Every structure is written in C-alpha cells, then in structure tokens.
Amino acid sequence: MQRQPAAGTRQYRYLKGEPLEDPKCTPGAISPAVTQANLTSTICRKGGYTSNIRPSTSVTGKEKKLNAASYGFTGRMGDAEYDHLISLQLGGDPNDYRNLWVEPADPGHKKGSGVNNAKDPVETKLHTAACKGTVTLAAAQQAIVTDWTTALTRLGLN
C-alpha cells in the first residue's frame, strides 16, 4: 500500500464544473516500463495491458479511503473513482500516490448510480492516438497532466 498525503492537505479545482486534481499533490507519475520505443509490447499490445499491472482492490480500496480524506472528499465513495491522473493505458504508474486521486462524479451525476466521468473517453482517445502514432506518448501524457479537459483540443484530436 502506498502512503497517502495527510487528511485535508489536497484541494480540488473545478473547470466548467469538472473536477480536477490538485497539481501540487497529484502531479502524475509515469511507469518506467512504458516508453515510446516499446508501445507495441506494452500499452498498445493486442489482448490488453492494464489488467496485468492494475493493483488489487484489496490495496487500492484502503488507499482510496485515505486519499479521499486527503482531498476532504465527503461524497459517496461508490460514486467516486480512485483514478490514475495519467491513465494506465497512457503508461501512468499503477500505484504511485502522485498519480492517484479520488475523482468525484461529474456534474449532473445521479447520486448512487456508480462511477461516471468525462475523463475516461479522453484517456481512450489519447491512447488510440498514441498507438496510431498520431501523437507521441510524452505529448499525450503531458496534455492529460496539464488539463485533461483540454487535452484533446491541445493536441488537435477533437
């Protein structure tokens, strides 16, 4: 289990109602196992990549509660996602606390309906573009860390 920042030390930002991580505490972290040179054998591998490196819920469940406390999150845990800022499909580190945050539900989310967020489709489009060679892995990672809500526009992918 990864250490987590102390309770109340992180603060969400919001852009057009969308929750964003605290960049001072959640700057993102990349996996050294994923590079531009090995995309076809890692994140772009047929048959998937993320299921082989995703930490067990027995670990992340405990981390999620501690991380929620660090952000002062008081909502329903079932409606929030313990999210990788740089997603696993973009070569994000699977269990570095600098890459994980409790992402609240998007605006208009029906309480109790489970996790939903607009960040997931952005991650998928960036992954597809990196695997096709439309953008570099580093550019996709930097765009999502800078501001996931503008990442596709920044890279000309929307």
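Start with Thr 42. Leaving out residues up to four places away in sequence, Thr 42 touches Ala 33, Val 34 and Tyr 49. Everything described here comes from a predicted model. Where does Thr 42 sit in the chain? Thr 42 belongs to the loop between β2 (18-20) and α1 (50-53). Is Thr 42 buried or exposed? The relative accessible area of Thr 42 is 7%. Buried means under 20%, so Thr 42 counts as buried. One of its polar atoms lies 2.9 Å from the backbone oxygen of Asn 38.

Now step back to the whole chain. How many helices and strands are there? The chain has five helices and four strands. Read from the N terminus, the elements run β-β-α-α-β-β-α-α-α. The radius of gyration is 15 Å, close to the 15 Å that the globule rule gives for 158 residues, so the chain is as compact as a globular protein of that length. Along its principal axes, the C-alpha trace spans about 40 × 35 × 30 Å. Of the 158 residues, 46% count as buried. Contacts tell us about the fold as well. Take the contacts with a separation of 6 or more: residues 24 or more positions apart account for 70% of these.

Next, look at helix α2. This helix covers residues 57-71, which makes 15 residues. Which residues of α2 are buried? They are Thr 60, Glu 63, Lys 64, Asn 67, Ala 68, Ser 70 and Tyr 71. Look down the helix axis. The buried residues fall within an arc of 150°, so they line one face of α2. Lys 62 and Lys 65, on the other side of the helix, are exposed. What covers the buried residues? The cover includes the strands β3 (81-84) and β4 (100-103). Just after α2 comes Gly 72, with a positive phi of about 70°.

Gln 4 is found in the segment before β1. Its relative accessibility is 14%, so Gln 4 counts as buried. Which residues does Gln 4 touch, not counting those up to four places away in sequence? Its contacts are Glu 63, Leu 66, Asn 67, Tyr 82 and Tyr 97. Of these, Glu 63 and Asn 67 are listed among the buried residues of α2. Gln 4 and Ser 58 are 54 residues apart along the chain, and their C-alpha atoms are separated by 16 Å.

Now turn to the aromatic rings. A pair of aromatic rings is described by the distance of the centres and the angle of the planes. How many aromatic pairs are there? The count comes to four. Tyr 12 and Tyr 14 make one of them. That pair is tilted, at 6.3 Å centre to centre with 55° between the planes. Tyr 12 also pairs with Trp 101. This pair is tilted too, at 6.3 Å and 55°. Why does the pair of Tyr 12 and Trp 101 tie together parts that are 89 residues apart in sequence? Because Tyr 12 lies in the segment before β1 (13-15), while Trp 101 lies in strand β4. Both Tyr 12 and Trp 101 are buried. For Tyr 12, the relative accessibility is 13%. Ring pairs link Tyr 12, Tyr 14, Tyr 71 and Trp 101 into a cluster. Tyr 71 is also one of the buried residues of α2.

Finish with two loop residues. Lys 16 lies in the loop between β1 and β2. Is Lys 16 buried or exposed? At 82% relative accessibility, Lys 16 counts as exposed. Its phi is positive, about 55°, although Lys 16 is not a glycine. Ser 87 sits in the loop between β3 and β4. With a relative accessibility of 5%, Ser 87 counts as buried. Neighbours within four places in sequence aside, Ser 87 is in contact with Gly 92 and Glu 123.

Definitions and conventions. Residues are numbered from 1 along each chain as its sequence is written. This is a predicted model: local features need pLDDT of at least 70, side-chain atom pairs count only at pLDDT 80 or more; totals for chains, interfaces and linings use all residues. Side-chain values use heavy atoms; hydrogens and water are left out. Buried means under 20% relative accessible area, exposed over 50%, partly exposed in between (1.4 Å probe, protein chains only). A polar contact is a pair of N or O atoms within 3.5 Å; within protein, one must be able to donate a hydrogen and the other to accept it, and residues adjacent in sequence count only if both atoms are side-chain atoms. Contact means heavy atoms within 4.5 Å. The expected span of a helix is 1.5 Å times one less than its number of residues. The arc is that of the directions from the helix axis to the C-beta atoms. Rings of Phe, Tyr and Trp (its six-membered ring) pair if their centres lie within 6.5 Å; planes under 30 degrees apart count as stacked, over 60 as edge-to-face and the rest as tilted. The radius of gyration is taken over C-alpha atoms; the globule rule is 2.2 Å times the number of residues to the power 0.38.
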